[in-house]
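Subject: Structure for you to look at

Hello,

I am passing on the structure we spoke about. Please open it first; my notes on what was found follow below.

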Amino acid sequence: MIRKTGLLVVLLISLTAGSASAALLPPVTVSGLEWLQPVDFIGYSWNDINTVCDASSGSCNGSLGGNDLTGWTWASVDNVNGLFNYYLGSTALGPGPDNLIEFGNSWIFSMTHDGFLLTTPQEEFSRSAAISAIVRTLDFDGNPYLTLMVAASAPPSTFVQWAYTDRGTLKGNQDGVTGSWFVRNATASSVPITNTLALMALGLCALGITTRHRIPSTAVGVQLC
């Protein structure tokens with residue numbers, strides 16, 4: 001009974017540790033960089049993020065809303081310009097805050113095809129689509145820039161596309177559809193093993209150890225440990 005209780009404790013720890021981080025959606029990899037989904041950070045203000053991420057360097061160290069952002073970089077306007085330019089297929093945006101408007105293109109649909117989720121409600125997709133998020137860069141009035149990739153339907157059955165990195169927003173982020181941008185090198189995620197995976201492996205090993213005397217030595221669970 002004691003062995004079973006100990007095993008349950010180990011397994012519960014392995015399943016719950018890092019559960020806050022698991023709440024984040026999978027990042028999207030673009031040209032060697034991983035981007036967290038802006039939709040994960042709707043409602044967080046610039047000031048909220050500034051408690052765990054340095055506004056000058058962008059370096060993050062700590063948790064926001066229970067999710068560990070350590071190792072991520074709070075993106076600047078130029079970082080997002082680079083992301084948008086990738087989908088534009090040019091260097092139309094930047095350096096610094098900028099914007100571009102065109103008809104008949106499909107930049108945002110390329111982003112959603114790669115896995116980026118809209119920050120507008122999904123039911124609006126038929127007539128408009130947008131991914132809006134704040135960056136760490138501040139304007140002259142001390143307010144953050146709001147970046148926006150949007151498509152809106154316009155007759156005759158075409159789309160007008162906006163790519164903005166210069167729309168201002170207040171630090172309080174009262175907008176219900178505005179997230180935030182976080183980026184890191186794609187290789188960063190492949191180096192460390194997460195605490196959750198490590199503890200789950202520990203739990204599996206414990207399972208093999210506690211049942212070794214009842215399971216034949218050829219069992220997979222025993223061989224793994």
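**What was found**

In the protein chain, 61% of the contacts with a separation of 6 or more are between residues 24 or more positions apart. Please keep in mind that this is a predicted model.

The overall figures come first. The protein chain has 7 helices and 11 strands. Of its 225 residues, 38% are buried. The chain exposes about 11900 Å², and 59% of that comes from carbon and sulfur atoms.

Beyond its neighbours within four places in sequence, Ser-45 is in contact with Ile-134, Lys-171, Gly-172 and Asn-173. Is Ser-45 buried or exposed? Its relative accessible area is 8%, so Ser-45 is buried. Lys-171, one of the contacts of Ser-45, lies over the face of Trp-46, at 4.4 Å from the ring centre. In another case of a charge over a ring, the charged end of Arg-167 sits over Tyr-164, 5.2 Å from the centre of the ring.

The structure holds 1 disulfide. It joins Cys-53 to Cys-60, with an S to S distance of 2.1 Å. The torsion about this S-S bond is about 105°, so the disulfide is right-handed. Both cysteines, Cys-53 and Cys-60, are buried.

Finally, the aromatic rings. There are 8 aromatic pairs in the structure. In one of them, Phe-84 and Trp-181 have ring centres 6.2 Å apart and planes at 80°, so the pair is edge-to-face. This pair links distant parts of the chain: Phe-84 is in helix α4 (residues 77-88) and Trp-181 in the loop between β10 and β11 (182-185), 97 residues apart. Both Phe-84 and Trp-181 are buried.

Trp-181 also pairs with Phe-116: the centres are 6.0 Å apart and the planes at 75°, so this pair is edge-to-face. Phe-116 lies in the loop between α5 (107-114) and β7, and Trp-181 in the loop between β10 and β11, so the pair ties together parts 65 residues apart in sequence. Phe-116 is buried. Trp-35, Phe-84, Tyr-86, Tyr-87, Phe-116 and Trp-181 form one aromatic cluster.

Regards

Key. Residues numbered from 1 in each chain as written. Predicted model: local features only at pLDDT ≥ 70, side-chain atom pairs only at ≥ 80, totals over all residues. Heavy atoms only, no water. Helix = DSSP H or I, 4+ residues; strand = E, 2+ residues; numbered from the N terminus. Buried < 20%, exposed > 50% of the residue type's maximum accessible area, 1.4 Å probe, protein only. Contact = heavy atoms within 4.5 Å. Areas by Shrake-Rupley, 256 points an atom, 1.4 Å probe, with all protein chains shown as cover. Disulfide = S-S within 2.5 Å. Phe/Tyr/Trp six-rings, centres within 6.5 Å; stacked < 30°, edge-to-face > 60°. Lys NZ or Arg CZ within 6 Å of the ring centre and 35° of its normal.
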